[in-house]
Amino acid sequence: MDDNRRLPIVYVRGFAGGTRGIDKAVDDPFYGFNEGSTHVRVGAHNQPLFHQFESPLLRLLREEGYELLVKGNQEAYLADHAEIPANTVWIHRFYDRSATTWGGRPQEYRLERAAEDLLGLVDRLCAKTRAPAVILVAHSMGGLVCRSLLQKVLPDRGRDAGCVAKFFTYGTPHGGISFDIGGGLLEKTRDAFGIQGADIFGPRRMYEYLTPQAELDPGGPPRGWDAREMPQGPGTLPAERIFCLVGTNPTDYDVAFGLSSAAVGPHSDGLVQIENAYVPGAHRAFVHRSHSGRYGMVNSEEGYQNLRRFLFGDTRIEASLVDYRLPADDDVVWQAEARLSVRGLPVVMHERLAAHWCPIQLDGRPAGQEASVSLATTFLNSGLRSLTDEPMRFVLDVRLISLRERGGILGLGDHLEQSADFSDTLVIDVGTPEAGPGIWATWNSEIEGAIRDHRVAGSPRSDEDPAPGRWVAHIPLPGTTAGLVGGDARIRLVATPWT
């Protein structure tokens with residue numbers, strides 16, 4: 001990648017809790033983004049295979065040529081240098097002034113102040129690197145600090161969001177934090193008493209720090225206000241420049257001896273419920289990781305690979321199931337599952353499974369409207385191929401599942417647990433900038449032998465969109481699905497350049 005595409009990256013950490021948590025957080029020079037992890041998977045002959053993930057910070061330095069500039073501290077380095085390179089990583093240390101470990105009188109933590117300080121760091125970086133904008137990468141509450149910058153601090157100062165090029169969040173509670181138990185009492189208690197500052201995850205405080213002063217209603221958020229929504233229009237950060245990584249594994253989140261995950265519920269990462277973890281309209285990937293800890297998403301290969309390709313990839317691929325027609329049976333619920341893997345990686349990049357509480361619901365569409373659901377969006381980087389003379393390859397596992405319910409009760413008379421009415425893998429190859437655009441796609445059921453031995457042949461599928469810079473192909477589902485979702489059901493693949 002050319003240096004002129006490398007922008008400063010600013011990491012923004014998550015919630016530390018009360019004074020004890022803040023004191024612990026500030027003792028880490030890089031606020032936790034330097035933490036790695038180790039995992040074991042089963043290999044041949046049932047032998048364990050060790051996998052070592054160094055940390056997202058170290059991987060960016062080693063694999064993308066970024067620098068970490070410290071002279072006593074990063075603020076001192078910024079102050080002592082009139083010019084600095086753009087391909088650098090910075091940590092927004094907003095908790096320092098609220099810690100007791102430095103002596104003196106700590107200031108009360110305010111999310112709005114952290115957002116204001118973030119703007120100061122962004123402006124200094126743009127001025128000294130001469131970069132037009134920065135990239136924000138945030139974990140948990142850090143994403144809310146970034147959103148406060150974008151949605152409140154900048155508008156209050158009469159500025160647009162042009163200083164931010166891309167925004168990536170790990171497990172951010174974009175819709176706040178809510179609980180499966182207590183019937184709303186736990187949320188009301190938290191918001192009324194602000195226990196350890198956790199009221200920042202309730203609707204009233206979120207409305208305050210996500211709304212420009214000129215639009216703020218002293219009476220609180222209006223009816224129907226959705227904290228997840230980010231304004232779109234002139235001067236805002238487009239939703240397509242935002243990526244939300246959503247965790248789906250609550251069992252590995254052991255904070256408070258597992259009480260957190262028990263209270264939030266199984267459809268979560270242990271702290272943030274799945275439906276609260278993304279911005280509508282933004283790109284997202286679902287990974288079976290917990291909110292944080294040994295098996296958390298920040299220190300995971302899945303998280304890093306999604307981050308790396310979103311930041312530095314050159315091709316965006318969107319896969320959708322379109323033109324499906326569901327049988328006319330009101331007692332049958334239809335779901336789709338999708339898993340996406342990229343050639344050369346040891347992890348699944350995206351998986352929406354019923355077992356993980358996040359299948360894709362297939363609903364009937366009103367007459368005259370296209371039936372379409374998004375299965376996955378991924379970003380590919382032609383520079384990361386092991387073989388430069390081959391296209392970029394990924395596979396999309398697709399499963400269709402039907403459940404018979406009557407009065408909300410699962411009918412077990414003809415039920416086969418975890419069985420799919422349809423299951424196949426679409427092997428997709430995408431042309432590269434030097435080889436020319438194009439899409440090849442073949443169902444695994446049509447490939448003889450192993451997928452790894454499959455090679456594309458002939459011309460790519462015809463581009464169905466005459467617009468320049470956009471390639472569209474529709475892949476019919478195998479004929480066996482005609483009785484399930486109709487004979488016109490297809491997978492639509494859309495490839496566009498990504499910078």
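Tutor: What follows is a close look at one strand and its surroundings, continued to a few other places in the model.

The model is predicted, so to speak of it with care, local features need pLDDT of at least 70 and side-chain atom pairs count only at pLDDT 80 or more, while totals for chains, interfaces and linings use all residues. Residues are numbered from 1 along each chain as its sequence is written, and side-chain values use heavy atoms, with hydrogens and water left out.

The strand is β7, residues 242-247, where strands (E, at least two residues) and helices (H or I, at least four) are DSSP runs numbered from the N terminus. In β7, 6 of 6 residues are buried, a term for under 20% relative accessible area, as against exposed for over 50% and partly exposed in between, with a 1.4 Å probe and protein chains only. Side chains in a regular strand alternate between the two faces of the sheet. On one side of β7 lie Ile242, Cys244 and Val246, on the other Phe243, Leu245 and Gly247, and all are buried, leaving both faces covered.

Strand β7 also has partners, pairing being counted where DSSP finds at least two bridges between two strands. Strand β6 (residues 164-170) runs parallel to β7 and is joined to it by 4 bridges, and strand β8 (residues 283-287) pairs with β7 in the parallel sense over 5 bridges.

The loop between α7 (203-210) and β7 holds Pro221, which counts as partly exposed at 29% relative accessibility. Setting aside residues up to four places away in sequence, Pro221 touches Pro203, Arg204 and Tyr207, where contact means heavy atoms within 4.5 Å. Pro221 and Pro203 are 18 residues apart in sequence, and their C-alpha atoms are 7.3 Å apart.

Elsewhere, helix packing can be followed in α4 (residues 111-129) and α5 (residues 141-156), whose axes come within 8 Å and cross at roughly 75 degrees. The axes are lines fitted to C-alpha atoms, for helices over the stretch in contact, and angles run from 0 to 180 degrees between N-to-C directions. The residues that meet include Leu118 and Leu119 in α4 and Leu144, Val145 and Leu149 in α5.

In the loop between β5 (134-139) and α5 lies Ser140, whose phi is positive, about 55 degrees, although Ser140 is not a glycine. Most residues other than glycine have a negative phi. Ser140 counts as buried at 4% relative accessibility. Asn46, in the loop between β2 (37-42) and β3 (48-53), likewise has a positive phi, near 60 degrees, but Asn46 is exposed, with a relative accessible area of 66%.

An antiparallel open sheet has 4 strands in the order β13-β9-β19-β18. Its edges are β13 (372-380) and β18 (471-476), each with a single partner strand, so one side of each is left without a neighbour in the sheet. Strands β9 (residues 315-322) and β19 (residues 490-497) pair over 8 bridges, and Thr496 in β19 is the bridge partner of Arg316.
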